[in-house]
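User: I have a model open and want to learn how to read it. Can we go feature by feature?

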Amino acid sequence: MKYDVVIGLEVHVQVQTATKIFCRCPNRSGAEPNTLICPVCMGYPGVLPVPNREAVRKTILAGLMCDCKIAEYSKFDRKSYFYPDMPKNFQTSQYDLPLCGRGYVQIAGIGFSGEELPAAEIGITRIHLEEDVGKSTHFGEYSGIDYNRAGVPLMEIVSEPDMTSPDQAYAYLTVLKQAMQYGGISDCDMEKGQLRCDVNVSLKPAGRTELGAKIELKNLNSFKSVHRALESDIERQAAVLDGGGELLQETRGWDDDLGDSYFLRRKEGDDDYRYFPEPDLMPMAIDNAWLEEIRAQVPETPEKRRDRFVAQYSIPEYDAGVLTADRPVADYYEETVNAGAPAKKASNWIMVELMRELSQANVPITESPISPTALAQLVTAIESADITGRQAKDIFVDMFKTGNDLETVKATLNIVKTDDSEIRNWARQAITANPKPVAEFKEGNEKSMNFLVGQVMKASRGNANPQSARQILIEELGKS
Amino acid sequence: MASDKQINVEDIAKLARVELTVEEAAEFQKEIESILGYIEELSAVDVEGIEPMAHATAITNVFGEDVPGPQLDREAVLGNAPETLDDELIRVPKVIEDGDGGTH
Amino acid sequence: MADQYVHQLSPATLFDAAAELAAGDATSTSLCRQLLARHEATDNILNGYRQLESDAILEQAAAADARRSDGKPIGPYDGLPIAIKDNIAVNGQPCGCASRILEGYTAPYDATVVTRLKAAGMICAGRTNMDEFAMGSSTENSAYGHSCNPWNTECVPGGSSGGSAVAVASGQAFAALGSDTGGSIRQPASFCGIVGLKPTYGLVPRYGLVAYASSLDQIGPLTSDVRDAALVLDIIGGYDPMDSTSIPDTRTGFIDALDKGIEGLRIGVPKEYFDVDGLHPEVRQASEAAIRAFSDAGCEVVDVSLPSLRYGVAVYYVIATAEASSNLARYDGIRYGARYPDTDLMSTYFMTREKGFGKEVKRRIILGTYVLSSGYYDAYYLRAQKIRTLVRRDFAEAFKSCDVIIGPTSPTTAFRHGEISDPLQMYLTDIYTVPANLAGNCGISIPYGTDSSGLPIGVQLMGDSLCENNILRAGHWLMESGKS
């Protein structure tokens, strides 16, 4: 029996700000437990929240990057439930007037499974801003709570149930992550808890309009597990339905080690969160002036940047795609080109040589020892034949090690440009010294030219430009 | 609107995480029903087209700047906590997952 | 009995005390000793204070005296003591809100009002008794025993700031801070024969006030005269970046308004006020006498109408309990206060809140949870917020034709302990005070005579938002005129 798969994702993204959402405690991870806290985020008696303007701005920015309708009037609401990681036993969130309404993202390319992913638009229902909760560590009979994370600004991005395959879900997450990174909104590192994802998946007999039972999957630690969990549960659900069984709305946890999901709880209708407008916070009126100010801060999307790279720099789409996948790499490339480097050569050097060295040294491009200016100097020198390809490789290695610029490295390595008259001398010497290869070349043996070029290179101790050497040899040979 | 309202004090007390004794539940049931009866007169007021007043002032866009401020010493926080763990965490009894553990 | 417990200090007010300090006729130590002596003599009966640390007070007084003799006082009020209601945070002190659930809790920060008082050099001396979490009108709901009215110790002092009112009326304090959500400053002031002011919502910062109903709560002064109320308001009022609901651009300098007299003030009399069931005839007469006094002095007296008066209490109890049920959710024994541990988390919540909260608090939490719950939100909470708009409109309309609205503070004088046991009956005593909380404007209770059993009567003057000057001027005049 064929089934339609309906997938919706609920993604929580921590907003990168200097401070928490309602207090001025630092917003960062890795600190000693319960040290990034104050009376406000601990929910002490008598405290009041003050919203972080930057958190609101970045949420609106996220919405603009996903083409969401931004609310003219928005507010915070209290969502009540009891849990020890929630200091106030209510979460200050947004209920009926979120900052961002309907929007969408585009997905395309090759899916995670390797199959082609036709271009599709995945709808976003809303993006709202809320506070994160503390972290519980469970020890069997008891648990320990660390409130450092309580109050970190958190965006909740709810997708429309538009996805129909694990590949689409994976692509959606990738595009979302890219947008958040591009916007400087979040690094979306799931290992650091900066992005959390819950999945809703239901199956229905193909063609039927009525939706099947919605199964929620939690405890997904990576985009890969999202893909795995979806594949696994779609199979599981299909098997149940095939066997004539019934599926009930429930929440399941995903065990990545086992590769299986397990029952957590039944969802009997919605929890009564008793939402009401947060009386301690004043509403937000987002007027046109403020909205346009934020809109001007929207960075170029990865797709638009890719297309622009192709058009502006005349590089292949493949190159543009690789360079724009990560914003820092794209930034580095443009800086290099703006410093005078030829576009295609710069692209090659970055994509191949630089990325390899950075990867081996485990250094992000933002901390590259070779600055865009230095790389531009190198690539320009190659293009103008100021240095040879061979020399370039040596210079590159030294640049990476020392961080020095071109002239300094040339001096250190004693790199000299050989001029044509010198090459002509070596060429004549090589011709004189090697009559046999000369004769063979004149008979049409191209390989003999390589030998002669090699002789010139040897004489020059590798410093001659091989293309020049070849050209000059041919000239000289033509003379006789 | 009024007629189908019936408060069950014990159910509501559960939502509010307050455990009432049997006597309290009975007493509160009567008292709160009486109060609700009084509040019932609000249903007669014509509120057509009236906006709700969630705040006493009409201010909007109150924000703080994203600049770090002072924190609390961990000692002050742990000192106030009834039970702590390893001098760094606040200790709570085990959670029995019952469908309303607020996990994100 | 009143003679024993009701007491005016000498000097009688903060203002006078500041003058004596400046003139060298008193020291901070001598002033504080007066209060401590009164405390010794009366408070084991009156139970106005939850906590009064004489050593700490005298230490701070000595420090202020030293500064003054060095010629370097912090200001005119350096070394003057003020009592603090037990729901306002003072760094290093408990902040128990008269509740068992906060036993063991020490506040690690100062409320903004406390920061401001300390900056003026004032000594935050003693924490006063109250109804638990400010829920009550009699200070009978304290977990640490009820307080007694100095005018008749068998009577309640009013609530929820009963302890603060007792302290001032019995000469155990020059002045005290209280909080007012539905009348909790004004009504005890009225019952105890002193002045109590609820400022405009947003004028005095709430950061550090343990929240009961966030959109209604305000901190305000209880004092023996209006000048002191203005003096305290000048110190504690004004915009606070830690309180998002505080009004950005607020004026102070209230004390200067006092001597402007009442010329040109129009006095509004709401016709619905005197039709209230249960309005005690002598209370009514006192209000009428006050109105006549203004009229005789040349003020225009106008009839106004506040038709929403009859819905005020109901609207208040929906909104206040709803917000309270949410504000009190944090008291669960996990991070601070008392924990009544059990085998698992859920039981710990239930047990802590069952044993930690008193009856009235539990009642209001349950009511508040109900009116917010799924299916009932529209019928109760949303509807109440809409009617609240109507209350505000009534005031806006009334203030078009008058500057001050006058009426009784409470329908009766102080009742006896245990006399009102029906919660609903207790709620109805707030009928004259809740409207100002709902609309957000200001109100002051002025002592104006006593009834035939010798209990004080209070007259309430209400002003439009941020029009404290009007009620301070009028109140000051009324009180001075009543003295003759």
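This is a predicted model: local features need pLDDT of at least 70, side-chain atom pairs count only at pLDDT 80 or more; totals for chains, interfaces and linings use all residues.

User: Which residues of H14(A) are buried?

Analyst: Start with the general idea. An α-helix has 3.6 residues a turn, so residues three or four places apart point the same way. Now the case here. The buried set in H14(A) is Ser448(A), Met449(A), Leu452(A), Val453(A), Val456(A) and Met457(A).

User: What span does helix H14 of chain A reach, and what span is expected?

Analyst: Helix H14 of chain A covers residues 446–459, 14 residues in total. From first C-alpha to last it reaches 21 Å, close to the 20 Å expected at 1.5 Å a residue.

User: What should I look for at the start of H14(A)?

Analyst: Look at Asn445(A). One of its side-chain oxygens comes to within 3.0 Å of the backbone nitrogen of Lys447(A). Then go to the other end. Just after H14(A), Arg461(A) takes a positive phi of about 60°.

User: Next, the interface. What area is buried between chain B and chain A?

Analyst: The size of an interface is often given as the accessible area lost when the parts come together. Between chain B and chain A that area is about 4,300 Å², and carbon and sulfur atoms give 59% of it. Chain A puts 55 residues into the contact and chain B puts in 41.

User: How many salt bridges and polar contacts cross the interface of chain B and chain A?

Analyst: The rule finds 2 salt bridges. One pairs Glu141(A) with Lys94(B), with the closest N and O atoms 3.3 Å apart. On the side of chain B that touches chain A, helix H3 (74–80) and strand S2 (89–93) each supply at least two residues. The residues on that side divide into 19 nonpolar, 13 polar and 9 charged.

User: What does Thr389(C) touch?

Analyst: Leaving out residues up to four places away in sequence, Thr389(C) touches Ile50(B), Glu51(B), Pro52(B) and Met53(B). Its side chain also reaches the backbone nitrogen of Met53(B), at 3.4 Å.

Key:
Residues are numbered from 1 along each chain as its sequence is written. Chains are lettered from A and ligands numbered from 1 in the order in which they are written. Side-chain values use heavy atoms; hydrogens and water are left out. Helices (H or I, at least four residues) and strands (E, at least two) are DSSP runs, numbered from the N terminus. The expected span of a helix is 1.5 Å times one less than its number of residues. Buried means under 20% relative accessible area, exposed over 50%, partly exposed in between (1.4 Å probe, protein chains only). A polar contact is a pair of N or O atoms within 3.5 Å; within protein, one must be able to donate a hydrogen and the other to accept it, and residues adjacent in sequence count only if both atoms are side-chain atoms. Contact means heavy atoms within 4.5 Å. Buried area is the accessible area (1.4 Å probe) that two parts lose on being put together, summed over both. A salt bridge is a side-chain nitrogen of Lys or Arg within 4 Å of a carboxyl oxygen of Asp or Glu. Ala, Val, Leu, Ile, Met, Phe, Trp, Tyr, Cys and Pro count as nonpolar, Asp, Glu, Lys and Arg as charged, and the others, Gly among them, as polar.
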